[in-house]
Amino acid sequence: MLYGRDVAPGEKERDKMEGYRWKAAVVTLSDKGYAGEREDKSGPLICEMIAEAGYDVQKTVLLPDEKDEIKKYLCLLCDIERMDIIFTTGGTGFAPRDCTPEATLEAADRIAPGIAEAMRLASLRITPRAMLSRGVSVIRGQTLIINLPGSPKAVRENLEAVLPSLDHGLAILTARAGECAR
């Protein structure tokens, strides 16, 4: 044995993933929701969908559209709480106070544009207004952050488009699997 391989290729990666549930946080961003003037329906929907997909929802929070506060909380979830993935909802449109993408980009080490592109593409098949979403997807350390729109309908459409691929991306990001070369 030239390099001392003691397991079949890929076996170590499978062992690392066996029974693991991704630690997830859901952050709703809404001035009206934070003030108690609007019920948050998107955050609970995200929690339901990702829990059904096997994620462990460990944190949920509702924040106002304040860029510095959003950035600070995202950094806390990544650096201190060590979440594997964070889903945000709201604050991705054209309204003057919508600042989620800017706060997310300020918190980022690297961008992951394909995720946001896939969500917009899937939504564009349903409505031309999907092009108005400014949501981004980024990586901070070993945490993936994904901005989702604020409407429950758009949340469902976007998550259905990307959830099937996120497990593999997270496994690579967190070194629980090697990159695939299909």
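Which residues make the nonpolar surface patch of about 420 Å²? In this predicted model, the patch is made by Phe 94, Leu 124, Met 131 and Leu 132. Leu 124 belongs to helix H6, which spans residues 113-124. With a relative accessibility of 38%, Leu 124 counts as partly exposed.

Eight salt bridges are present in the structure. One of them joins Arg 97 to Asp 31, with 2.6 Å between the closest N and O atoms. Arg 97 is located in the loop between strand E3 (85-89) and helix H5 (100-107), and Asp 31 in helix H2 (residues 31-34), so this pair ties together parts that are 66 residues apart in sequence. Arg 97 also forms a salt bridge with Glu 66, at an N to O distance of 2.8 Å. Glu 66 lies in the loop between strand E2 (56-63) and helix H4 (67-79), 31 residues from Arg 97, and the pair links distant parts of the chain. Relative accessible areas are 39% for Arg 97, 26% for Asp 31 and 37% for Glu 66; Arg 97 is partly exposed, as are Asp 31 and Glu 66.

A further salt bridge, between Glu 157 and Lys 153 (2.5 Å, N to O), lies within helix H7, where the two residues are four residues apart, about one turn of the helix. Glu 157 is buried, at 14% relative accessible area, whereas Lys 153 is exposed, at 51%.

Helix H7 (residues 152-173) packs with helix H3 (residues 42-52) at an angle of about 25°, the axes being 9 Å apart. H3 is therefore roughly parallel to H7, and their crossing is right-handed.

Methods
Residues numbered from 1 in each chain as written. Predicted model: local features only at pLDDT ≥ 70, side-chain atom pairs only at ≥ 80, totals over all residues. Heavy atoms only, no water. Patch = residues over 30% accessible without salt bridge, like charges linked within 9 Å, V, L, I, M, F, W, Y side chains within 5 Å. Areas by Shrake-Rupley, 256 points an atom, 1.4 Å probe, with all protein chains shown as cover. Salt bridge = Lys/Arg side-chain N within 4 Å of Asp/Glu carboxyl O. Buried < 20%, exposed > 50% of the residue type's maximum accessible area, 1.4 Å probe, protein only. Axes fitted to C-alpha atoms, helices over the stretch in contact; angles between N-to-C directions. Parallel < 35°, antiparallel > 145°, perpendicular 65-115°, else oblique. Left-handed = near helix turned anticlockwise from the far one by under 90°.
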